[in-house]
Amino acid sequence: KKEGGGVVQRVCEVIESRDASLFRGRTNELASTVIALPACGITPSSHPDVWAQLSEACKKIQTSEANDSNNDMPAKVGSGVLSPVSATHLSMLIRGFSENGLLVRDNALQRHLVQLAQETMQALPAVQFATMLALLPALVILQDGLPSDTPNPHLVQSLLLKCETWISEQEE
């Protein structure tokens with residue numbers, strides 16, 4: 001029996017029994033969980049319910065689109081909307097869900113991550129060039145995994161343009 005196996009199992013039970021509110025105010029923990037669980041042998045095939053909860057939680061990460069549609073209606077307390085995600089954690093979420101084959105199976109998750117990627121990129125100041133470079137591999141994974149009938153969100157091209165803008169500013 002692997003050391004820590006019991007603890008990992010109990011963590012899984014907590015994730016399974018709670019909804020996205022478990023990660024409220026801690027989107028970074030959601031990203032870390034998506035990376036950590038497979039390393040502990042907790043995969044979508046071995047624990048589908050845990051991963052279903054994680055993917056539902058990911059879909060509750062706030063996007064500005066969600067804000068706009070809810071303006072006339074105050075957000076319900078306990079609606080489980082998670083705070084926006086940083087570029088680093090977005091990258092972890094994309095890699096984690098992709099490596100476990102969930103991205104290709106869940107179109108809603110995929111669409112939500114594309115929306116998050118677009119917003120995260122727009123919000124990134126050009127000065128954060130290292131963050132942009134770190135996000136690039138994740139965006140390639142996300143864009144390459146989109147179904148062929150999906151309009152191309154041009155995530156990679158947008159990010160590269162942003163990087164080039166920063167480069168040209170440095171060369172002036």
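What you see is a predicted model, so local features need pLDDT of at least 70 and side-chain atom pairs count only at pLDDT 80 or more, while totals for chains, interfaces and linings use all residues. Residues are numbered from 1 along each chain as its sequence is written, and side-chain values use heavy atoms, with hydrogens and water left out. The protein chain has 9 helices and 0 strands. Helices here are DSSP runs of H or I with at least four residues, strands are runs of E with at least two, and both are numbered from the N terminus.

**The big picture**

- Read from the N terminus, the elements go α-α-α-α-α-α-α-α-α.
- The protein chain has 172 residues, and 38% of them count as buried. Buried means under 20% relative accessible area, exposed means over 50%, and partly exposed is in between (1.4 Å probe, protein chains only).
- Take the contacts between residues at least 6 apart in sequence: 69% of them join residues at least 24 apart. A contact means heavy atoms within 4.5 Å.

- The average pLDDT of the protein chain is 85, and 88% of the residues score at least 70. pLDDT is the predictor's confidence in each residue, from 0 to 100.
- Residues 68-80 are the stretch to watch: pLDDT stays under 50 there, and the model gives them 7 contacts beyond four places in sequence.
- Where pLDDT is low, the predicted coordinates should not be read in detail.

**Helix 2, with a bend in it**

- Helix 2 covers residues 27-39, which makes 13 residues; at 1.5 Å a residue they should span 18 Å, and the end C-alpha atoms are 19 Å apart, which agrees. The expected span is 1.5 Å times one less than the number of residues.
- Helix 2 has a kink of about 25 degrees, centred on Thr 33. The bend at a residue is the angle between axes fitted to the seven residues ending there and the seven starting there.
- Which residues of helix 2 are buried? They are Thr 27, Leu 30, Ala 31, Thr 33, Val 34 and Leu 37.
- The cover over those buried residues includes helix 1 (5-17), helix 3 and helix 5.
- After helix 2 comes Gly 41, with a positive phi near 85 degrees.

**Aromatic pairs**

- A pair of aromatic rings is described by the distance of the centres and the angle of the planes.
- The structure has 2 aromatic pairs. Rings of Phe, Tyr and Trp (its six-membered ring) pair if their centres lie within 6.5 Å; planes under 30 degrees apart count as stacked, over 60 as edge-to-face and the rest as tilted.
- Trp 51 and Phe 97 make an edge-to-face pair, 6.1 Å centre to centre with 80 degrees between the planes. Trp 51 sits in helix 3 (residues 48-59) and Phe 97 in helix 5 (residues 87-99), so this pair ties together parts that are 46 residues apart in sequence.
- Trp 51 is buried at 1% relative accessibility, and Phe 97 is buried at 0%.
- Phe 129 and Trp 166 make a stacked pair, 4.1 Å centre to centre with 20 degrees between the planes. Phe 129 belongs to helix 8 (residues 129-144) and Trp 166 to helix 9 (residues 155-171), so the pair ties together parts that are 37 residues apart in sequence.
- Phe 129 counts as partly exposed, at 36% relative accessibility, whereas Trp 166 is buried at 18%.

**Ser 91, a buried residue in helix 5**

- Ser 91 is part of helix 5 and is buried, with a relative accessible area of 6%.
- Leaving out residues up to four places away in sequence, Ser 91 touches Ala 134, Leu 135 and Ala 138.

**Salt bridges**

- The structure holds 2 salt bridges. A salt bridge is a side-chain nitrogen of Lys or Arg within 4 Å of a carboxyl oxygen of Asp or Glu.
- Glu 56 and Lys 59 form a salt bridge, with their closest N and O atoms 2.9 Å apart. Both lie in helix 3, 3 residues apart, or about one turn of the helix.
- An α-helix has 3.6 residues a turn, so residues three or four places apart point the same way.
- Glu 56 is partly exposed at 35% relative accessibility, and Lys 59 is partly exposed at 22%.
- Asp 106 and Lys 59 also meet through their side chains in a salt bridge (3.0 Å, N to O). That pair links distant parts of the chain, 47 residues apart: Asp 106 is in the loop between helix 6 (102-105) and helix 7 (107-123), and Lys 59 is in helix 3.
- Asp 106 counts as buried, at 18% relative accessibility.
- Put together, Glu 56, Lys 59 and Asp 106 are linked in a network of salt bridges.
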